[in-house]
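Colleague: Walk me through this one, please. I'll butt in with questions as we go.

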2 protein chains.
Amino acid sequence: MAMDRDQVLRTAAALLSRKATATMDEVAKAAGIGRATLHRHFAGRDALVRALEDLGIREFEVAFDKARLDEGTAPDALRRLVAESEPNAPLLAFLVTENQLFEGDQVNEGWARLDARVSALFRRGQQEGDIRIDLSPAWLTEALYGLVGSCAWAVMDGRVAAKDFQHMVAELLLGGARRSVEK
Amino acid sequence: MAMDRDQVLRTAAALLSRKATATMDEVAKAAGIGRATLHRHFAGRDALVRALEDLGIREFEVAFDKARLDEGTAPDALRRLVAESEPNAPLLAFLVTENQLFEGDQVNEGWARLDARVSALFRRGQQEGDIRIDLSPAWLTEALYGLVGSCAWAVMDGRVAAKDFQHMVAELLLGGARRSVEK
DNA sequence: ACCAAATGAGACGTTGATGTCTCATTCCAA
DNA sequence: TTGGAATGAGACATCAACGTCTCATTTGGT
């Protein structure tokens, strides 16, 4: 029953992704540790959420690295990005809704770094002529997060098959719903 | 200072869309009424959220009617739907995140009715050859909600200009981010 | 085998929001 | 004008989660 900080965080992420209002007690039980121990490592609920935020940001930075956003065409890079994001999609969904509660406080600057990388990808795609220019990189970034989160919820609710996650997100984001003539 | 139930609900919707954790006290103050009065009309916070849910469902049913989902091509109907949804987009964003807390409880059957109408629209588009068939109507419906909600947040945060809402949502959903050759 | 550190269980006080209640005041219709 | 209904303000008890603390037990390294 040793306390593995990272393992506890991942368990908490899994629980909170499903039930965002889970209590500290529930988080502790889910992680198989005592509430006191949980408190010894995370000063409070806020600290826990911050730690989850850090974990999420770290995971996505790794995912972005693996996706090699600078290589190949932007659409291909985006597909890789969606594929690499899938394992952490529920965590992202949780953090996105949680962030909306932080109103104006101070948001982790890590998000800005991630946003910048995604925005840069879209911008590159626009410059190379692969991405339409009437949709701003900022909006495309938001939309990516939104679709990843939505699909994560849909998968958890059984409305979308898990195996379709990558296709559903990447294809909708890239190609849209309209049936293209050239296809 | 007479109590106008519908006006109170709209004020609450506006507040809670920005700050989902707003207290009953804050809601009452925002509505310009006393907390006791608020309590006389809504048995509790749950009842208030349920009432907001009803309001939202009513609003969207009206919006769907106005959008005339059965007329014209599916893409055109979808554009009208996005346009009609815009005024209530923040409320939708709030209700969507709130619904995720309702885990398995009982979800208002109104959502099923709305889902059915949107799904039917996408299905019609697929049958008429305007919407691609490799994306399920259920997912397209979820994606629509997700994009409307995401864009509502983005507008509230100033990352997207309010005047671009319809274009950003409808064009991304329909056409995707990839620059099409035919365009 | 030993000892220091970490843990689990639970008691305890605190806090913030909730829901109820009272009472003086205001509103509105007859 | 008048009387009943609705309201606003605030007091009050309740409750759930939080955060702190203690102490017996377990763990892990030497």
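Modeller: Phe60(B), Phe64(B), Leu81(B), Val82(B), Ser85(B), Leu92(B), Trp111(B), Leu114(B), Leu144(B), Tyr145(B) and Val148(B) line the largest cavity. A cavity here is a set of points on a 1 Å grid over the protein atoms alone where a 1.4 Å probe fits but cannot get out, and lining residues have an atom within 4 Å of a point. Before we go on, this is a predicted model: local features need pLDDT of at least 70, side-chain atom pairs count only at pLDDT 80 or more, and totals for chains, interfaces and linings use all residues. Residues are numbered from 1 along each chain as its sequence is written, chains are lettered from A and ligands numbered from 1 in the order in which they are written, and side-chain values use heavy atoms, with hydrogens and water left out.

Colleague: OK. What volume does the largest cavity have?

Modeller: About 80 Å³, where a volume is the space filled by probe spheres set on grid points, joined across faces, edges and corners. The whole structure has two cavities of 30 Å³ or more.

Colleague: Which helices supply the lining of the largest cavity?

Modeller: In chain B, α4, α5 (74–85), α7 and α8 each give at least two lining residues. Helices are DSSP runs (H or I, at least four residues; strands are E, at least two), numbered from the N terminus.

Colleague: And the largest pocket, how much space lies in it?

Modeller: About 1500 Å³. It has 46 lining residues, and Val96(A), Thr97(A), Gln100(A), Thr97(B) and Trp153(B) are the closest to its centre. A pocket is an open set of points with protein on both sides within 12 Å along at least five of seven lines. Both chains take part: α6 (89–99), α7 (109–127) and α8 (137–156) of chain A and α6 (89–99), α7 (109–127) and α8 (137–156) of chain B each supply at least two lining residues.

Colleague: Is α6(A) enclosed or open?

Modeller: Largely enclosed by the rest of the structure, because nine of its 11 residues are buried. Among them are Leu91(A), Leu92(A), Phe94(A), Thr97(A) and Glu98(A). Buried means under 20% relative accessible area, exposed over 50%, partly exposed in between (1.4 Å probe, protein chains only).

Colleague: Zooming out, how many helices and strands are there in chain A?

Modeller: Nine helices and zero strands. Its C-alpha trace spans about 60 × 35 × 30 Å along the principal axes, and 50% of its 183 residues count as buried.

Colleague: Which residues touch the most other members of the largest nonpolar core?

Modeller: Leu81(A), Trp139(A), Leu172(A), Leu81(B), Trp139(B) and Leu172(B), out of 124 residues in that core. Domain 1 (1–42) and domain 2 (55–175) of chain B both contribute residues, so the core lies between them. The domain bounds come from an automatic or database domain assignment. A nonpolar core is a set of buried Ala, Val, Leu, Ile, Met, Phe, Trp, Tyr and Cys residues joined through side-chain atoms within 4.5 Å.

Colleague: What does Leu172(A) touch?

Modeller: Not counting residues up to four places away in sequence, its contacts (heavy atoms within 4.5 Å) include Leu147(A), His167(A), Trp139(B), Leu172(B) and Gly176(B).

Colleague: Is Gly176(B) buried or exposed?

Modeller: Buried, with a relative accessible area of 0%. Gly176(B) sits in the segment after α9 (165–175) of chain B.

Colleague: What about Glu61(B), which side chain does it join in a polar contact?

Modeller: Arg113(B), at 3.0 Å. Glu61(B) lies in helix α4 (residues 45–67) of chain B.

Colleague: Last topic, phi. What phi does Arg68(A) have?

Modeller: A positive one of about 45 degrees, although Arg68(A) is not a glycine. Most residues other than glycine have a negative phi. Arg68(A) is in the loop between α4 and α5 (74–85) of chain A and is partly exposed at 37% relative accessible area. In chain B, Arg68(B) has a positive phi of about 50 degrees, and it lies in the loop between α4 and α5 of that chain.

Methods. Polar contact = N/O pair within 3.5 Å; in protein donor to acceptor, adjacent residues only side chain to side chain.
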